[in-house]
Amino acid sequence: MAQSKRAVRPNPDEPTLVAGGARRTIMLALWLTSFIPLMVVAYSLYAYLLPLFDHTRQVRDLPWLQALLVFTALLMAVGGVLIWNVMRALPRPEPAGQAPALERPQAAPGSLDGADGLLHSFSRMLAPIEQQAAALDRYATRLDNAYQELESTNTRLKEFSFKDEVTGLYNRRFFSIRLEEEVSRYRRFNHPVSVVLLDLDAFKLVNDELGHAAGDETLRGMAEILLRHSRGINVICRYGGDEFAVLLVETSKAGARLYADRIRYVLSSYQFAHRRRVTASFGIASLPEDVAPTAVDLIQAADEALYAAKRAGKNRVSVHDDVVVAQPAASRAKVE
């Protein structure tokens with residue numbers, strides 16, 4: 001009999017363990033049913049409802065918002081189940097006339113295992129969703145990397161379409177675009193602009209006697225001189241063959257002539273790999289001094305000045321005024 005009394009006597013630590021487990025479960029249920037849903041609802045208000053009042057904004061990630069709301073509903077359901085299990089596990093008040101609670105069978109500490117099992121099942125249910133989310137993140141990362149590579153490739157292709165293969169300078173197409181822009185800017189603001197065309201003297205002999213490799217090396221050396229002794233805002237291009245063009249922004253005719261004389265002097269002392277001296281002839285045309293403000297007239301005036309320098313003996317700088325002076329002299333020569 002004494003043994004039976006001892007068997008039903010409760011352990012004084014068991015109510016503490018049960019209460020502690022119930023307290024943790026209730027806290028977890030409160031997190032699932034109140035705090036986390038409030039955070040999700042707040043984000044939904046910001047990302048979905050706010051654009052309805054501000055038409056300049058767009059609804060962002062609507063499928064993800066719907067998934068978050070469904071996920072929140074699941075969390076609230078799990079929290080409700082946890083609270084229900086805790087309420088069932090807690091001792092109830094004894095009705096009058098029944099035996100004291102200490103003599104009744106006590107709830108075993110394992111009565112909360114159902115809630116733990118539910119949490120474990122919920123965790124197993126979330127595992128595939130987390131794996132799919134991770135796979136989607138990896139897929140989005142690959143797409144982003146592919147998009148960046150495509151943009152980089154397009155940039156390189158666009159750059160290559162405007163670059164000369166031998167010298168690395170801009171080509172004639174890019175020069176024409178920039179010349180049109182600067183002439184338009186001159187029409188609006190009356191800022192001076194000049195064009196310098198230069199042609200290597202006797203370049204055909206370098207190709208014929210030393211080979212095309214030496215010719216390409218000569219062109220690259222000329223490009224290096226132009227880049228080294230030009231301002232960053234100037235546009236330098238290989239105009240065609242052994243002819244180069246330089247667009248001098250914010251430069252008058254006098255400044256363009258100083259620039260061409262400096263390039264001619266540097267070229268005369270430049271040491272090429274083939275050890276042969278190379279010279280060039282220069283033609284200059286400027287706005288507003290020389291021609292009407294059109295790109296075609298400006299480049300044609302510079303070309304005429306270049307051929308005037310060639311006819312005058314090469315290795316010299318000519319401006320458009322020299323062409324105007326030479327034309328009456330040629331007319332008089334024909335009459336005589």
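**Sheet and helix packing in the predicted model**

L200 stands opposite A280 in strand β4. Residues are numbered from 1 along each chain as its sequence is written, and side-chain values use heavy atoms, without hydrogens and water. Helices (H or I, at least four residues) and strands (E, at least two) are DSSP runs, numbered from the N terminus.

Strands β1 (residues 193–200) and β4 (residues 280–287) run antiparallel and are joined by eight bridges. Two strands pair if DSSP finds at least two bridges between them. The open sheet holds five strands in the order β2-β3-β1-β4-β5, and its pairing is mixed. The edges are taken by β2 (235–240) and β5 (317–319); each has a single partner strand, so one side of each lacks a neighbour in the sheet. On average, neighbouring strands are turned by 20° against each other, direction ignored.

Helix α7 (residues 212–228) lies across β1, β2 and β3 (243–249). Its direction is at about 155° to β1. Axes are lines fitted to C-alpha atoms, for helices over the stretch in contact, and angles run from 0 to 180 degrees between N-to-C directions. Contact means heavy atoms within 4.5 Å.

The axes of helix α6 (residues 203–210) and α7 come within 6 Å and cross at roughly 140°. That makes α6 oblique to α7 (under 35 degrees is roughly parallel, over 145 roughly antiparallel, 65 to 115 roughly perpendicular, the rest oblique). From α6, F203, V206, N207 and L210 make the contact; from α7, H212, A214, G215, T218 and L219 do. By class, five of these residues are nonpolar, four polar and none charged. Ala, Val, Leu, Ile, Met, Phe, Trp, Tyr, Cys and Pro count as nonpolar, Asp, Glu, Lys and Arg as charged, and the others, Gly among them, as polar.

L205 also lies in α6. Its relative accessibility is 44%, so L205 counts as partly exposed (buried is under 20% relative accessible area, exposed over 50%, partly exposed in between; 1.4 Å probe, protein chains only). Leaving aside neighbours within four places in sequence, L205 contacts L210 and R276.

Helix α9 (residues 295–311) has 17 residues and should span 24 Å at 1.5 Å a residue; its end C-alpha atoms are 25 Å apart, which agrees. The expected span is 1.5 Å times one less than the number of residues. Buried residues of α9 include L298, I299, L306 and K310. Just after α9, G313 takes a positive phi of about 125°.

How values were computed:
Predicted model: local features only at pLDDT ≥ 70, side-chain atom pairs only at ≥ 80, totals over all residues.
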